[in-house]
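The following note sets out points for a colleague to check against the structure. Each point may be read on its own.

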Amino acid sequence: MVLVVVMGVSGAGKTTVGSRLAAKLGWKFYDADDYHSPENKKKMAEGIALNDEDRIPWLCALHDILRREHLSRQDAVLACSALKKMYRHILVSGASAIESSHPEQPRENPALQILFVHLDGSVDTIAGRLEKRRGHFMPPELLKSQFDTLEPPRTPENCITVSLEKSLPEVVLEIEHAIFSG
């Protein structure tokens, strides 16, 4: 049973990559944007960046979805920004991550084993993608705040980084290889 979180800043292609990967593998797919509260969507649409207080209930709800899939032995892919290490820790451990006085220390028995796939691209590349996107509540003006918040995943987190300079099929293949060879 495998849980994958495709992460990165807005416009990195999380939904495109995550949904393509899930479809190719026959796994369930979830888009974290579908679980934002109306208040969060309104803030972002108004050009106001979300803070930790806005994101924590959303992340806990996403953890609950991943936990449910884990308990049902269902492979799943979640597209989620997961910009900070603390946010990824909440996805792994749920609300207990917030209560932990040392969130940077891995727990002996983490609630979930998740592979974090960081879609990494330049500000210019991603800004170009955002300019072409229509009908999304996240305006391109908030891209800088996303990069300012981003804490790229590093060891000991279970993660890989995939360059957005590659084509979509190449990105999906690289993730597949990481899943089945690691």
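**Notes on the predicted model**

1. E39 is exposed, with a relative accessible area of 54%; exposed means over 50%, buried under 20% and partly exposed in between, with a 1.4 Å probe and protein chains only. This residue belongs to helix α2 (residues 38-45). Helices (H or I, at least four residues) and strands (E, at least two) are DSSP runs, numbered from the N terminus. The C-alpha atoms of E39 and D54 are 8.8 Å apart, and the two residues are separated by 15 residues along the chain.

2. On the basis of the work: this is a predicted model, in which local features need pLDDT of at least 70 and side-chain atom pairs count only at pLDDT 80 or more, whereas totals for chains, interfaces and linings use all residues. Residues are numbered from 1 along each chain as its sequence is written, and side-chain values use heavy atoms, with hydrogens and water left out.

3. The protein has eight helices and five strands, arranged along the sequence as β-α-β-α-α-β-α-α-β-α-α-β-α. Of its 182 residues, 45% are buried. Contact means heavy atoms within 4.5 Å. Among contacts between residues at least 6 apart in sequence, 77% join residues at least 24 apart.

4. V6 sits in strand β1 (residues 3-7) and is buried, its relative accessible area being 0%. Neighbours within four places in sequence aside, V6 contacts K14, V17, G18, V77, L78, A79, C80, V117 and L119.

5. S81 occupies the loop between β3 (76-79) and α4 (85-93). This serine is buried, with a relative accessible area of 12%. Residues up to four places away in sequence not being counted, S81 touches M7, G8, K14 and W58.

6. Which residues have the most contacts inside the largest nonpolar core? They are V5, C80 and L91, in a core of 49 residues. Helix α3 (residues 52-71) supplies the largest share of this core, six residues. A nonpolar core is a set of buried Ala, Val, Leu, Ile, Met, Phe, Trp, Tyr and Cys residues joined through side-chain atoms within 4.5 Å. Beyond its neighbours within four places in sequence, L91 has contacts that include V5, L59, C80 and F116.

7. The axes of α3 and α4 come within 7 Å and cross at roughly 30°; axes are lines fitted to C-alpha atoms, for helices over the stretch in contact, and angles run from 0 to 180 degrees between N-to-C directions. The residues making this contact include I56, L59 and L66 of α3 and M86, I90 and L91 of α4. By class, ten are nonpolar, two polar and two charged; Ala, Val, Leu, Ile, Met, Phe, Trp, Tyr, Cys and Pro count as nonpolar, Asp, Glu, Lys and Arg as charged, and the others, Gly among them, as polar.

8. The count of aromatic pairs comes to one. Rings of Phe, Tyr and Trp (its six-membered ring) pair if their centres lie within 6.5 Å, and planes under 30 degrees apart count as stacked, over 60 as edge-to-face and the rest as tilted. W27 and F180 form an edge-to-face pair, 6.4 Å centre to centre with 65° between the planes. Because W27 lies in the loop between α1 (14-25) and β2 (28-31) and F180 in helix α8 (residues 168-181), the pair ties together parts that are 153 residues apart in sequence. W27 is buried, at 13% relative accessible area, whereas F180 is exposed, at 56%.
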